[in-house]
Each structure stands twice: as structure tokens, then as C-alpha cells.
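Please look over the structure below before reading on.

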Amino acid sequence: MNTLRGSAVIRSATLTLQPTPPVLCANNRLRLFSGTANVPLAQEIARYLGMDLGPMIHKHFADGEIYIQIQESIRGCDVYLIQPSCRPVNDHLMELLIMIDACRRASARQITAVIPYYGYARADRKTAGRESITAKLVANLITEAGANRVLAMDLHSAQIQGYFDIPFDHVYGSPVILDYLASKNLSDIVVVSPDVGGVARARAFAKKLDDAPLAIIDKRRQAHNVAEVLNVIGDVAGKTAVLVDDMIDTGGTITEGARLLRKEGARQVYACATHAVFSPPAIERLSSGVFEEVIVTNTIPVREEHNFEQLTVLSVANVLGETIWRIHEDSSVSSMFH
């Protein structure tokens with residue numbers, strides 16, 4: 001597993017997942033294609049599976065319209081399209097829909113949309129009148145475009161799986177992060193949820209860290225991307241606090257939580273999240289010195305200008321590659337996480 005620390009490449013303990021022989025390149029019914037959102041991750045997945053990414057033409061017309069053409073026959077093939085819906089979200093989402101449509105019209109047998117980061121997921125229910133549930137809208141768009149299955153990682157809300165009327169495989173980046181934390185031999189760990197809504201995620205994370213104790217940060221959100229932290233529920237004094245969330249966007253919630261944990265006597269504070277959205281002013285907040293380390297994965301590409309000393313980026317290519325292999329071979333996916 002490749003790990004990016006700041007701007008340097010280091011090695012950490014590897015999550016042991018190996019595809020069962022024969023390698024996939026010997027199976028001419030499987031095809032792997034990548035959109036433009038995260039080509040390096042797609043290339044890692046392809047290497048794990050022992051195959052190459054399929055050739056595809058991608059270009060923009062003068063007015064910004066996207067053009068996609070698959071450059072090899074995929075008739076009767078199982079096609080996997082790798083495309084997170086990260087910034088610019090609308091362009092990458094539209095690109096995924098066009099890729100799906102192109103494959104459907106090319107007579108692919110089955111089309112699986114591999115979405116490492118599922119955008120528009122935060123609007124998963126109505127909390128006020130006259131709001132759109134965009135997580136459901138995106139599910140409808142992907143289904144209507146012609147996808148037969150979806151593979152996504154660490155949804156903002158697990159209920160989004162129910163918005164799809166096609167098979168949905170939900171996998172997790174936590175094994176990669178847990179593997180990395182285990183290699184650091186941290187002591188007196190307390191797992192902290194940055195809000196009440198993340199308690200289930202933090203509890204599952206704590207259980208895999210030798211049943212580490214759990215703490216919760218009580219907060220009130222006044223507006224989108226604006227949070228007011230109030231107090232900590234649980235004992236963190238003298239402990240190594242590990243804040244766990246699905247994503248870091250502007251970094252406000254997790255940074256204010258870290259400051260509160262320091263105030264309550266936490267000896268060290270680590271931040272762990274699967275998706276590094278990193279909208280401004282996230283980098284300034286995360287690099288302010290309140291964290292020993294900020295640990296994320298490469299579901300979203302981290303731009304060079306977003307690197308800072310405390311940042312560690314772990315690869316989830318093995319997890320996604322193994323999941324693709326198991327789906328293609330009709331094997332259990334959930335057993336990977338037991």
C-alpha cells in the first residue's frame with residue numbers, strides 16, 4: 001500500500017488482499033475503464049488486478065460539452081467504470097453518466113459504476129421545506145443512464161444504498177486506516193466521533209481497535225459548513241484521541257473538535273477520514289498544529305498544493321480491486337470486512 005506523507009512517498013504495512021489466480025487479464029470478458037476524476041487510483045486498481053485500463057477518447061467541445069468514445073469492443077463484456085464524483089462535481093458526474101451510456105449503447109453485458117467518492121450524498125433527506133434530496137436524484141440518474149450495479153466506498157449515509165433499485169456494494173476504507181494505525185503502536189487510544197451522527201461509524205472503528213473506548217463531541221450546526229462545538233462526552237484526558245469521520249470538507253468540524261479535545265486534556269490527536277474533499281480553508285485549518293497526523297485515503301486525488309507536513313494519504317486500490325474481482329467472480333464482498 002503506497003502512503004503519501006506530505007510530499008514524500010513512504011511505505012506502510014500492506015493490507016493483505018491478493019486476487020485468486022488466474023489473473024484477470026486472462027479473462028477477456030472483463031473491462032476496466034477510468035474517467036478523468038482519479039486516473040492514478042484507477043491505474044493502481046488495474047495493476048492490482050493484473051490488467052490494463054481500456055482505451056477511451058475523452059474530450060470537451062468548445063462550449064464545455066463532454067464527448068466520450070470507447071476505443072475497443074465491449075460487446076458482451078462486464079465493464080467497470082471508475083469515477084469518483086469529486087471536484088468539479090458536476091463535470092465528473094456528467095462524465096460518468098456519459099461513460100455509462102456509451103457502454104450501454106456498445107452492448108456491454110453488465111455495467112458497474114465504481115464510485116470511490118459518492119458526491120451529493122449530504123442531502124440524503126429533507127430537513128426543511130422545499131429541499132431537494134440530491135442523493136436520491138443522483139441515484140436515479142446513474143440508474144437511468146444504464147448502470148446495472150454500483151460499487152461505492154464509505155457513503156455519507158448508509159441509507160443511500162436504498163435509493164437504488166439495482167445491486168449496490170458498499171465497501172469501507174477503514175481496514176486500510178486501521179492497518180496503518182496498528183503499525184504506529186499507539187497507546188491509550190480513545191476513538192472520538194466528531195458529531196452524534198457519526199457514532200455508529202466511530203463505534204465500529206473502535207471495536208476493531210481492540211474495543212477502544214468511545215467519546216462523542218456534542219455540536220450544534222448553525223449552517224452548512226459552519227459548526228459550533230460545545231463539549232466532549234467521554235473521558236479523553238491523557239489519551240491518544242483518534243477522530244473518525246467519512247470526509248473532511250472545509251475541516252471546520254474536525255479542527256474545532258481537535259481543539260476541544262486538547263482543552264479536555266488529550267495527549268495526542270489524530271484525524272482519520274476516507275474522503276479528502278479539502279475545500280478552502282481546510283488546509284490552513286488542518287495544518288495549524290492541532291493534529292499529530294491527518295490520515296486520509298486516495299478516493300479523491302490530493303493535489304500537490306494540498307500537501308502539508310501532517311498529511312498521510314493511504315491507497316484503497318487493493319480494497320476496490322479485490323471487490324471488483326469478487327463481484328466478477330460472484331464471491332462474497334462482505335466477508336472481506338469480517
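Five of the five residues of strand β10 (residues 189–193) are buried, so the strand is largely enclosed by the rest of the structure. Buried means under 20% relative accessible area with a 1.4 Å probe and protein chains only; strands are DSSP runs of E with at least two residues, and helices are runs of H or I with at least four, numbered from the N terminus. This is a predicted model, in which local features need pLDDT of at least 70, side-chain atom pairs count only at pLDDT 80 or more, and totals for chains, interfaces and linings use all residues. Residues are numbered from 1 along each chain as its sequence is written, and side-chain values use heavy atoms, with hydrogens and water left out.

From β10, Ile189, Val191 and Ser193 point one way, while Val190 and Val192 point the other way. The strand pairs with β13 (residues 240–248) in the parallel sense over four bridges, where pairing requires at least two DSSP bridges. Valine 191 has valine 242 of β13 as its bridge partner.

Helix α3 (residues 134–145) has buried residues Thr134, Ala135, Val138, Ala139, Ile142 and Ala145. Seen down the axis of α3, these fall within an arc of 150 degrees, so they line one face of the helix; the arc is taken from the directions from the helix axis to the C-beta atoms. An α-helix has 3.6 residues a turn, so residues three or four places apart point the same way.

Definitions and conventions. Buried < 20%, exposed > 50% of the residue type's maximum accessible area, 1.4 Å probe, protein only.
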